[in-house]
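Q: Please take a close look at one part of the structure shown here, the barrel and its surroundings.

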Amino acid sequence: MDTSVTGRVPALSADAPFRFFAAQVLRTERLGPSMVRITFGGPQLASFTAGGRDQSCSLFLPQPGRGGVPVLPADAGDGWFAAWRAMDPGVRAVMRSYTVREERRHQAEVDIDFALHGDAGPASRWAAGARAGDPAALLGPAVADNKSVGFRPPPDTDWVLLCGDETALPAIAGILAWLPAGLRAEAWIEVPHPGDLQDLPTAADARITWLVREPAATRTGALPAAVEAAELPDGLPYAWIAGESATVRALRRHLVGGRGFPRNRVTFSGYWRLGASEEDLRAESLSGTRRRTA
């Protein structure tokens, strides 16, 4: 028996800012043709403490076709990622990063919205077929002020710009819900289908522009051109951009080079990249070849 792996969730120290949490699917809700909300529950999630906005976490799922609970390193501590990568790729849990859409600690529940892309990946397939009782594990925050919250506008910010595709929609929704009353916000969100548009409550003075891709378009679309053509507010901006990496880079170049945004007022993240897996992107991040802030 290989004692380096386990079906149990490994424990981290009690004072660690991030911990593993055992979870299972409680219910699912279809939000549109391309998005499903999955509510996870379990006693351990009463200690899950998200910081709102674009709070991210790591989701671990069983390997397709294997059933049972996700297979994780037995006791990885702070070296969990290296231990996970060293495991047999055909056995170890599938890992993907997602935004925490909402948490309810008093109910020990966490909502995650999944962008569905058919058979494009194991997590998308899993989410499309998820049922109550399906097991999972989360590696997420145990303290609200943690490094996996990227949206951090400086105190002197006059207005906020938000840009992203459907993979960034949950984060943009969380940011809009967090923004204070009266702050101006300009948001561009690209989705695959008109039915993917959502009501995004906010106290901010927000203008949301939805871009629906043409049916024959690839997953990289019209965001850069739409922002380049827009008339933006005066004052000190803070920009947050996420989605496909090439699109994010194009938007950042335009804002910094074309619009004169200060580099330290642009936060960006390539949530996915054509031809690259989650594991590839994480490895690049650890090696220092990707950054969130310009």
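In what order do the 6 strands close into a barrel?

A: The model is predicted, so local features need pLDDT of at least 70 and side-chain atom pairs count only at pLDDT 80 or more, while totals for chains, interfaces and linings use all residues. Residues are numbered from 1 along each chain as its sequence is written, and side-chain values use heavy atoms, without hydrogens and water.

The barrel order is 2-3-7-6-4-8, with antiparallel pairing. Strands are DSSP runs of E with at least two residues, helices runs of H or I with at least four, both numbered from the N terminus; two strands pair if DSSP finds at least two bridges between them. Strand 4 (residues 56-61) is joined to strand 6 (residues 94-104) by 6 bridges, and cysteine 57 stands opposite tyrosine 98 in strand 6.

Helix 3 (residues 169-178) lies across strand 3 (35-41), strand 6 and strand 7 (109-115).

Arginine 104 counts as buried at 13% relative accessibility, glutamate 109 at 8% and aspartate 111 at 5%.

Notes: Contact = heavy atoms within 4.5 Å. Axes fitted to C-alpha atoms, helices over the stretch in contact; angles between N-to-C directions. Buried < 20%, exposed > 50% of the residue type's maximum accessible area, 1.4 Å probe, protein only.
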